[in-house]
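Have the model open as you read.

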Amino acid sequence: MDAASFCAAHCTASCHCQIFRTRARSDRPELREMEAVPLLTPYKMGQFELSHRVVLAPLTRQRSYGNVPQPHAAVYYSQRATSGGLMITEATGVSDTAQGYADTPGVWTAEQVAAWRPIVDAVHARGAVFFCQLWHVGRVSTTAFQPGGAAPISSTDRAVPPQMSFDGHMEEFSPPRRLETHEIPAVVDDFRRAARNAIDAGFDGVEIHGANGYIIEQFLKDAANDRDDEYGGSLENRCRFALEVVRAVAGEVGAGRVGVRLSPFTDYMGCHDSDPEALAAHLVRELSAAGVLYCHMIEPRMALVDGRRRIPHRLRPYREAFRGTFIAAGGYDREEGNKVVGEGYTDLVSFGRLFLANPDLPRRFELPDAPLNKYDRTTFYTSDPVVGYTDYPFLAGDVQAA
């Protein structure tokens, strides 16, 4: 699809059509290349003017010693920042009960807020839009991570089944404590206060982590929610906690600064649902009604088709039902990303492992023959402040972030 056809078919008032047409008329080859690539077209996301549609996905890196963000994070994030690019931080704990992994950052103390500020400033200096992902792991934890050695909190008292880790060892989790009904508003308030702290640290907005088997999904999905109070049983009841968090956060910082990440089709950490389509449809309708800025949804697991792993592309009904910006995630590369943006299947695409290994990923997507660095799984979660973190090379001749 050429530039004019793409614009006519898919641009709306939310796109920079005038800029796009100017580029289409340009005789500058680098602009002709950009306008031919759907992922590199501009987009207006609420109040934010994005120059392209390549999003840095939230990626846990475990390099925030003592749960405090470190100066090397400023290097890491600013390396991946582009003017008008959207970036989402690694999952960031909302309270001292939210932790389940070593050296993940938080945003519940004054020290953490102060440590985030220079990192946010470094990203803003490069012109990027920066959102903080708010996280509570719930039962995906052990007593070693909990204050006073207490049991992790959750929707249930059933433990996460043992999980095989990326390096081949079996991870065990402590039995959780089922939250009493009267305790749940305090956890909702943890998200609200963390959102305020994130804005105070300079972030442009927050993303509520409602995916990947953590506490919000533990309430959402019927495999993990065995409650018989107003937070369990029916679909509406199981969604109550998530929507209370969304409304509390939106009420604190404004719905136009709030995104939500969902994974209705995944089975992770013992969290799956017997009717994920109904769950997704209900959540998207409610998020739309709440007026949140974006919905960030993970595709179902790749399917084997004709001997190749392919993205199932089952998110269209939810993209069509959501009135805000829709972000698709899950296994995308340059070709698939361009396809789904060009077809109007999604507004933006988030990239995880590719962006981790290629700090200049939008630039590499701009050049169709640019090679991609290979990622090294063995260094995803090491504590080294450089190796596997800030040492992935840029394209030859390009200037690296300071």
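The second largest cavity has a volume of about 30 Å³. A cavity here is a set of points on a 1 Å grid over the protein atoms alone where a 1.4 Å probe fits but cannot get out, and lining residues have an atom within 4 Å of a point. Points are joined across faces, edges and corners, and the volume is the space filled by probe spheres set on them. The model is predicted, so local features need pLDDT of at least 70 and side-chain atom pairs count only at pLDDT 80 or more, while totals for chains, interfaces and linings use all residues. Residues are numbered from 1 along each chain as its sequence is written, and side-chain values use heavy atoms, leaving out hydrogens and water.

**Cavities**

- The lining of the second largest cavity is made up of G210, E217, L220, K221, L262, S263, P264, L279 and L283.
- That lining has 5 nonpolar, 2 polar and 2 charged residues; Ala, Val, Leu, Ile, Met, Phe, Trp, Tyr, Cys and Pro count as nonpolar, Asp, Glu, Lys and Arg as charged, and the others, Gly among them, as polar.
- At least two of its residues come from each of α7 and α10, where helices (H or I, at least four residues) and strands (E, at least two) are DSSP runs numbered from the N terminus.
- The largest cavity, at about 60 Å³, is lined by residues including I208, I216, A242, V260 and L287.
- Its lining holds 10 nonpolar residues, 1 polar and no charged, and α9 contributes the most, with 3 residues.

**Nonpolar cores**

- The largest nonpolar core has 86 residues, and Y77, F191, F241 and F351 have the most contacts inside it.
- Such a core is a set of buried Ala, Val, Leu, Ile, Met, Phe, Trp, Tyr and Cys residues joined through side-chain atoms within 4.5 Å; buried means under 20% relative accessible area (1.4 Å probe, protein chains only).
- Beyond its neighbours within four places in sequence, F241 is in contact (heavy atoms within 4.5 Å) with I184, V187, V188, F191, I215, I216, F219 and Y231.
- A separate core of 13 residues includes Y43, V55, I88 and L348.

**Helix α5**

- The 16 residues of α5 (110-125) should span 22 Å at 1.5 Å a residue, and this agrees with end C-alpha atoms that are 23 Å apart; the expected span is 1.5 Å times one less than the number of residues.
- Q112, V113, A115, W116, I119, V120 and V123 are buried in α5, and their cover includes α4, β4, β5, β6 and α6.

Notes: On a 1 Å grid over the protein atoms alone, a cavity is a set of points where a 1.4 Å probe fits but cannot get out, and a pocket is an open set with protein on both sides within 12 Å along at least five of seven lines; lining residues have an atom within 4 Å of a point. Buried means under 20% relative accessible area, exposed over 50%, partly exposed in between (1.4 Å probe, protein chains only).
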